[in-house]
Amino acid sequence: MKDTGKALAAIAAAFVACAAAHAAAEIRNGAEYALDGLAAEMTARVTRGGTVRFLLEEGERRRWEAAYSPNECAVALEHRAGSAGAPCRAAVTISKHASVQTPVLVEFRLADGETPARTLRVVTYTAPGEAPDFRYPRNRMFEALLAECRARGITIVDWHLHIRGGMTPEMAVAREKASSILSSAMENHGREWEIFTNERLVEFAAAARRANPKMPVGIQVNDRDWFKQIDARTRARFDYILADTMIMGKLPNGRDKRLWLVKDMADIGDPERWMDEYVAHNLRILDEPISILANPTYLPAPLSPMYDRLWTEARMKAVISKAVARGIAIEIQAESPFPSPKFLRMAKSMGAKFSFGTNNFDPAPKDLTRWLDAITWLDLHGDDIWSPACLKK
Ligand SMILES: [Zn+2]
């Protein structure tokens, strides 16, 4: 037994020691990962419609099993018995569906009934290089948007510009130079996201500042205790905090329920009861020290056909009045049908300030028609636009 253990250890040492450093390691295509030193969380960059393949060590009776959303990706596990003292391995293939742009989470579980279960999370990101140009096409809509902004004294900042999927702070700076739309740099923070620790946040802010010290840098917060997780010194490095309401509650497996995933929303139950809970969730988020409420009034796909019925005036008013009282901007998001023109008009009449955002998945520029429409529908002028102190430095 001892010898087998030694042999295994020797083979393990010969493996690609990807995870010697226990920080989230990046999976390399074709690499082999030993159980010793395997990080609990790994990341992979996968093109949409692309795959990543790698080998995971198993024991004789310890097999990996995978849990994932079949709407987002496919995971194939092929168990291979080891020959002559070599450990058993699982050949893993993760294929990301072409339509999926957001990160995909795959959880592997290893249990042999004797030692405690072991869990490995693999988060796949969209790989860079999928978008031909990250600058805005200078089409008629774009020129009309710039003309309206000039006439109305509006300076547009894209406050919801994710540095992900191949988008870099340098591209954000170059995009700003090529248009009259100012860029920011922000990314998601949370337990189930790539950036969670204070150290990673500090690195993120530093990289953005290197690209342009004047570019505003923000965080999109996805955990509802983020203000306890992010320490004051780290918080001070960021200019603003953006939050949406699109993660609410937990799944039976303990993961966050993401309202935009169809399979997470299978058990909505009574829409009115769900809506009461959702409005309370909105109001709790507006109690957090955030700057921008992103994609306001978002509804999950099963409920969006009932938007006008569910978003009653009283519910809209509750959300808007809290945002106004707390000085939180209402986002107008490119390519999103939320919020409705009725909500936006009510917000304007109640004195709300508006912010613009793209919520990009990668460097591909989004269609900004929604911004132009909102500016003209609401007859917005410079005074209506959220303008924090960081813009004046
Ligand atoms: Zn976002």
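This is a predicted model: local features need pLDDT of at least 70, side-chain atom pairs count only at pLDDT 80 or more; totals for chains, interfaces and linings use all residues.
In helix α7, the residues E272, M275, D276, V279, N282, L283, L286 and D287 meet R315, A318, V319, K322 and A323 of helix α9.

- Two packed helices are described by the angle between their axes and the distance between the axes.
- Helix α7 spans residues 271-287 and helix α9 spans residues 313-325, and their axes come within 9 Å of each other while crossing at roughly 5°. Because an angle under 35 degrees counts as roughly parallel, α7 is roughly parallel to α9.
- Beyond this helix, E288 has its place in the loop between α7 and β17, and with a relative accessible area of 6% it is buried.
- Leaving out residues up to four places away in sequence, E288 touches R224, W226, F227, R326 and I328. By contrast, E288 and D158 are 130 residues apart in sequence and lie 22 Å apart in space, C-alpha to C-alpha.

**The cysteines**

- The number of disulfides in the model comes to zero, where a disulfide is a pair of cysteine sulfur atoms within 2.5 Å.
- For C390, the closest cysteine sulfur is that of C149, and because the two sulfurs are 18 Å apart, they are too far from each other for a bond.
- C390 counts as buried at 10% relative accessibility, and C73 is also buried, with a relative accessible area of 2%.

**Residues and their contacts across the sequence**

- G49 sits in the loop between β3 (41-46) and β4 (51-58). Although G49 and H97 are 48 residues apart in sequence, their C-alpha atoms are 4.8 Å apart in space.
- Not counting residues up to four places away in sequence, G49 touches K96, H97 and A98.
- R258 belongs to strand β16, which covers residues 256-258, and at 5% relative accessibility R258 counts as buried.
- The contacts of R258, with residues up to four places away in sequence set aside, are E192, W193, M246, I247, D264 and M265.
- L380 is located in the segment after α11 (369-378), where it counts as buried at 0% relative accessibility.
- When neighbours within four places in sequence are left aside, L380 is in contact with R152, I154, I332, K348, F354, F356, A374, I375 and I385. N282 is 98 residues from L380 in sequence, and the C-alpha atoms of these two residues are 25 Å apart in space.

**Backbone features**

- Most residues other than glycine have a negative phi, and most peptide bonds are trans.
- F338 and P339 are joined by a cis peptide bond with an omega of about -10°, and P339 is found in the loop between β18 (329-333) and α10 (341-349).
- N295, although not a glycine, has a positive phi of about 45°. N295 lies in the loop between β17 (292-293) and α8 (307-310), and it is buried, with a relative accessible area of 6%.
- D379 is not a glycine either, and its phi is positive at about 50°. D379 lies in the segment after α11, and at 39% relative accessibility it counts as partly exposed.

Technical notes:
Residues are numbered from 1 along each chain as its sequence is written. Side-chain values use heavy atoms; hydrogens and water are left out. Buried means under 20% relative accessible area, exposed over 50%, partly exposed in between (1.4 Å probe, protein chains only). Axes are lines fitted to C-alpha atoms, for helices over the stretch in contact, and angles run from 0 to 180 degrees between N-to-C directions. Helices (H or I, at least four residues) and strands (E, at least two) are DSSP runs, numbered from the N terminus. Angles under 35 degrees count as roughly parallel, over 145 as roughly antiparallel, 65 to 115 as roughly perpendicular and the rest as oblique. Contact means heavy atoms within 4.5 Å.
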